Amino acid sequence: HKDNPNVLFLRYEDLHKDTRKQVERVAEFIQWPVGPEVIDKVVEHSKFQKMATNPATNKVDGKEAKSGMFDNSKGTFFRKVVVGDWRSHFSDEQSQWFGTFFQEKLGPSGLQFDYD
């Protein structure tokens, strides 16, 4: 799938490393001819703090994003900005299961994750 012109792999790790580059990749992929000023705005509005405090994208001060879409009783949609934080939520068994599942289901796609 990685060579399919209709598929774009976009990984959180890459967004975290270089948001601007990834936004430019998406714009090119969807054939959205925009200048640097629009890319700057997208990058700015994509920052964690902006999204976490925006009632249109997250529960903020009692205002819910797209009511009914998420169970906001368990907290906000955005947690924190930490690459690899899944490790603190998965047991060793769950991590091993996911690795096997991922390779079985998505391995042939060519998608690779940075685990470190």
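Reader: Which residues does R20 touch, not counting residues up to four places away in sequence?

Author: In this predicted model, R20 touches P36, I39, D40 and V43. R20 itself lies in helix α2.

Reader: What makes these count as contacts?

Author: A contact requires heavy atoms within 4.5 Å, and R20 meets that rule with P36, I39, D40 and V43. A C-alpha separation is another kind of value: for R20 and S46, 26 residues apart along the chain, it is 9.9 Å.

Reader: Why is R20 called partly exposed?

Author: Its relative accessible area is 28%. Buried means under 20% and exposed means over 50%, so R20 falls in between and counts as partly exposed.

Reader: How do you know that R20 forms a salt bridge with D40?

Author: The closest N and O atoms of R20 and D40 are 2.4 Å apart. The rule asks for a side-chain nitrogen of Lys or Arg within 4 Å of a carboxyl oxygen of Asp or Glu, so the R20 and D40 pair qualifies. R20 lies in helix α2 and D40 in helix α3, residues 36-45, so the pair ties together parts that are 20 residues apart in sequence. D40 is partly exposed, at 41% relative accessibility.

Reader: What makes R20 and E24 a salt bridge?

Author: Their closest N and O atoms are 3.3 Å apart. That value is within 4 Å, so the pair of R20 and E24 passes. R20 and E24 are four residues apart in helix α2, and about one helical turn separates them. E24, with a relative accessible area of 37%, is partly exposed.

Reader: Which residues do salt bridges that share partners join into one network?

Author: R20, E24 and D40 are joined in this way.

Reader: How many salt bridges does the count come to?

Author: The count comes to five. One of them joins the side chains of E44 and K47, at 3.0 Å from N to O. E44 has 33% relative accessibility and K47 has 43%, so each falls in the range for partly exposed.

Reader: Why is Q22 called buried?

Author: Q22 has 6% relative accessibility. The cut-off for buried is under 20%, so Q22 counts as buried. Q22 lies in helix α2. Leaving aside neighbours within four places in sequence, Q22 is in contact with L10, D14 and L15.

Reader: How much of the chain do buried residues make up?

Author: Buried residues make up 16% of the 116 residues in the chain. The accessible surface of the chain comes to about 9000 Å², and 54% of that belongs to carbon and sulfur atoms.

Reader: Which residues form a nonpolar patch on the surface?

Author: The patch consists of F29, I30 and W32, with about 290 Å² of accessible area together. F29 lies in helix α2, residues 19-29. A patch residue needs over 30% relative accessible area; F29 has 32%, so it passes that cut-off while counting as partly exposed.

Reader: How many aromatic pairs are counted, and why is the pair of F90 and F98 called edge-to-face?

Author: The count comes to three aromatic pairs. The ring centres of F90 and F98 are 6.2 Å apart and their planes stand at 80°. F90 is partly exposed at 34%, and F98 is partly exposed at 29%.

Reader: What makes W97 and F101 stacked?

Author: Their centres are 5.0 Å apart, with 15° between the planes. Planes under 30 degrees apart count as stacked, so this pair is stacked. W97 and F101 are four residues apart in helix α5, residues 92-106, and about one helical turn separates them. W97 has a relative accessible area of 55%, which is over 50%, so W97 is exposed. F101, at 35%, is partly exposed.

Reader: Which residues form one aromatic cluster?

Author: F90, F98 and F102 form one aromatic cluster.

Reader: What pattern does the chain follow along the sequence?

Author: The pattern is α-α-α-α-α, and the chain has five helices and zero strands.

Technical notes: Residues are numbered from 1 along each chain as its sequence is written. This is a predicted model: local features need pLDDT of at least 70, side-chain atom pairs count only at pLDDT 80 or more; totals for chains, interfaces and linings use all residues. Side-chain values use heavy atoms; hydrogens and water are left out. Helices (H or I, at least four residues) and strands (E, at least two) are DSSP runs, numbered from the N terminus. Buried means under 20% relative accessible area, exposed over 50%, partly exposed in between (1.4 Å probe, protein chains only). Accessible areas come from the Shrake-Rupley method with a 1.4 Å probe; for residues, only the protein chains shown count as cover. Patches are made of residues with over 30% relative accessible area and no salt bridge: like charges are joined within 9 Å, nonpolar side chains (Val, Leu, Ile, Met, Phe, Trp, Tyr) within 5 Å. Rings of Phe, Tyr and Trp (its six-membered ring) pair if their centres lie within 6.5 Å; planes under 30 degrees apart count as stacked, over 60 as edge-to-face and the rest as tilted.
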